[in-house]
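Let's take a walk through this protein together. Have the sequence and the 3D view ready, and follow along as we go from one pair of residues to the wider picture.

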Amino acid sequence: MTPSNKPQLDLSVYLVTDSRMVPEAEFLATVEAALQGGVTLLQLREKSLDTAIFADRARATLALARKYGVPLLINDRLDVALAVGADGVHLGQDDLDAHTARALLGPNKIVGVTVHNIAQAVAAAENGADYLGTCAIFDTATKVHPDGFVPLGIEGVRTLLADMAEHPRLAKMPIVTIGGLNAENIGAVMAETANPRKQLDGVAVVSAIMAQPDAREATAELVDIVKAGKLAPNAQYVANADDALVQAAAHLLAKLRSGQTPLVHHLTNFVVMNDNANAALHIGGSPVMAHAVQEMNDMTGFASALVINVGTLSEHWIEAMLLAGKVANERGIPVILDPVGAGATAYRRETCERLLREVQFAVIKGNAGEIAALANLPGLDVEMRGVDSGDSSPKARIALSRALAQATGAVVVLTGATDFISYTDGDEIKTVALENGSAWLGKLTGTGCTTATLVGCFAGVAELDQRAAAAVAGVLSMGIAAELAVPEAKGPASFKVALFDHLYTLQPEDLVKHARVRVVEVGEDEE
Ligand SMILES: Cc1ncc(COP(=O)(O)OP(=O)(O)O)c(N)n1
Ligand SMILES: Cc1ncsc1CCOP(=O)(O)O
């Protein structure tokens, strides 16, 4: 047998049976009605049947499941699953361990595991689980839990999904929740537990089907709600796939992929030089790292974009930065500023002040602290209405990026869990929020600097009026490559390898497909 013989797993509407809810003679008819209504997975759960009767019921249920092409799993009892040739088992934390079940069932059967927390989820994945079921989300009369058991609630499932999205082994692991679910609450459960990167793959129910007068109709209703719920969390972003900025960003990536290889001159810090050079190469640029004042005129003159990063300053470098910036300005070459640690020392502050005074930047990219430090520089005249200093709320960060964009005329990229990009469009300042990325980026040094490099590469092939799109393209490329890398990573080192591989293979359609970009309405309260 090959692994392709494994049944397809669709957790959308997962019926867990309970023969106590229907007269014995109606059990199979109820299950069949549910199958006709569109149940996508079936679990035979019998807590009090003798083994022989259990096995008979499993055989009869399996025949029905086969008729409708839906896999049948057996709750707890690996022996029964093996005896009747069912499609797999669902195991709780007190049952046979998933590793042994997998060893006995082989690779082509399905193993599901109930988990209460992220640690159990990791263990289940390592032991060969195909999907996870959470412990009860809500109280239910169907299952008696041990004293002291507290249902996960919406918050608990939301946290689990958020943690899974960040875990290499779990980012793509299917997951379903169970307990007290019905047509009234599953829409909200699906929507309120989801994050942009991970949502429930479906719901598991007992009484919402088994205890209904018409199991077929009840199932069909659940199927419709789950289908709609599976689309909903990303709907706002799907609409954005048509967004002009995302399309323009994809167009810029297409230019890089078509062999336009912009030379991107970097004056950047020692820590990131090699990584930034590789990132530029992988996305389709041609990196050059040159710092000597004597060659600034020539080097910047050849370049399609200039990246200035103040991470490891020295007197000669500052002189070179100012010279390169001026040469770039004279020749219409876009200049990207990465004001690393801008507020940390007086030296950095003064350098940034000089750079902003003497060079016109196309894009300024920094975290909230760095952008705030620039906004507070004398002479910039940044006007911040309604925002207190030290306020790190999304509202404050939006205001900060907009104010610096207004004061400098640059596209301002303010990075964070959500990245905000503000830019002038004629007279108006516009802001977009980008929600791609991964917390794993924070486990490597210099990923922010690498984003500036990517922006530089895109700016190198962008027209004058496409600089916001270049910034969006750089930030999206980094965020999406990171998301694609997470499932392949075992730790920070393999994450880095996968990240660079994905920067190398990223295609314009990946940007459109995965982009989570939305327009921020002015005055929008992000909290
Ligand atoms: C899909 C699904 N999720 C969770 C459970 C609960 O399993 P478990 O914790 O083993 O409890 P019992 O079902 O054995 O009472 C499940 N059965 N199915
Ligand atoms: C098996 C199980 N595990 C956790 S809750 C539960 C029963 C869910 O039943 P219902 O869908 O009727 O609330």
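**Starting from one pair**

Find G366: it stands opposite L414 in strand β14. Helices (H or I, at least four residues) and strands (E, at least two) are DSSP runs, numbered from the N terminus. What you're looking at is a predicted model, where local features need pLDDT of at least 70 and side-chain atom pairs count only at pLDDT 80 or more, while totals for chains, interfaces and linings use all residues. Residues are numbered from 1 along each chain as its sequence is written, and chains are lettered from A and ligands numbered from 1 in the order in which they are written.

Now look along both sides of β14. Strands β13 and β14 run parallel and are joined by five bridges; two strands count as paired if DSSP finds at least two bridges between them. On to β15 (residues 419-425), which runs antiparallel to β14 and is joined to it by three bridges. Here I421 is the bridge partner of V413. β14 and β15 form a hairpin, with three residues between them.

Zoom out and you'll see the open sheet these strands belong to. It has nine strands in the order β10-β9-β11-β12-β13-β14-β15-β16-β17, and the pairing is mixed. At the edges sit β10 (286-289) and β17 (517-519), each pairing on one side only. On average, neighbouring strands here are turned by 20° against each other, direction ignored (axes are lines fitted to C-alpha atoms, for helices over the stretch in contact, and angles run from 0 to 180 degrees between N-to-C directions). Elsewhere in the sheet, β9 (residues 263-267) and β11 (residues 305-309) pair in the parallel sense over four bridges, with H265 standing opposite L306.

**Around the ligands**

Finally, visit the two ligands. Ligand 1 is surrounded by 17 residues, with G92, T114, G133, I178 and A204 the closest; a residue is near if its C-beta atom, placed from the backbone, lies within 6 Å. β1 (13-16), β5 (110-115) and β7 (175-178) each supply at least two residues of this shell. Around ligand 2 there are 14 residues, and T140, T142, G179, V206 and S207 come nearest.
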